[in-house]
Amino acid sequence: MASSAKKNEIATYKKIAGITDLVETEVSGDDVSRSKPHGDIFAVAIKKLVDLAPGEIIAVGDTPYDAEAAAKTGIRTVGVLCGGFPKEELGAAGCFAIYQDPKDLLQHYDRWTNSEAFRP
């Protein structure tokens, strides 16, 4: 998990989302000097994910800044509209697929992971 939120905020968000047990590695705004749209958060995350190359990682973001920051490190982004940004802005920022929310993304997971856009 790579977020510009502070470490203590991430813990709260993971509890709310019910994903505490799913997150093995995280990077917070406390770990970098510059936040999104700079790529620092994703660069630190890549270092922590030593067995994965940037082209094998997919970011999920709800702002254009997420996609812009991820792209600076070679990571592609799937966008979700629940952050309040329009589809056009997420697409222009580089999201290769855009869904209403995480539930919609999961319902279509097989479709986009098997698509050419997913492959590095």
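User: Which residues of helix α3 are buried?

Analyst: This is a predicted model, in which local features need pLDDT of at least 70, side-chain atom pairs count only at pLDDT 80 or more, and totals for chains, interfaces and linings use all residues. Residues are numbered from 1 along each chain as its sequence is written, and side-chain values use heavy atoms, with hydrogens and water left out. Helices are DSSP runs of H or I with at least four residues and strands are runs of E with at least two, numbered from the N terminus, while buried means under 20% relative accessible area, exposed over 50% and partly exposed in between, with a 1.4 Å probe and protein chains only. In α3, which covers residues 64-71, the buried ones are P64, D66, A67, A69 and A70.

User: What covers the buried residues of α3?

Analyst: Contact here means heavy atoms within 4.5 Å. The cover includes both helices and strands, among them α2 (40-48), β1 (58-61), β2 (76-80), α4 (87-93) and β3 (95-99).

User: Is D40 buried or exposed, and which residues does D40 touch?

Analyst: D40 has its place in helix α2. With a relative accessible area of 16%, D40 is buried. Leaving aside residues up to four places away in sequence, D40 touches V32, S33 and R34.

User: Is R111 buried or exposed?

Analyst: R111 lies in helix α6, and its C-alpha atom is separated by 13 Å from that of F96, 15 residues apart along the chain. The relative accessible area of R111 is 58%, so this residue is exposed.

User: In what order do the elements run from the N terminus on?

Analyst: The secondary structure comes to six helices and three strands. From the N terminus on, these elements run α-α-β-α-β-α-β-α-α.

User: What fraction of the 120 residues counts as buried?

Analyst: Along its principal axes, the C-alpha trace of the protein spans about 35 × 30 × 25 Å. Of the 120 residues, the fraction that counts as buried is 34%.
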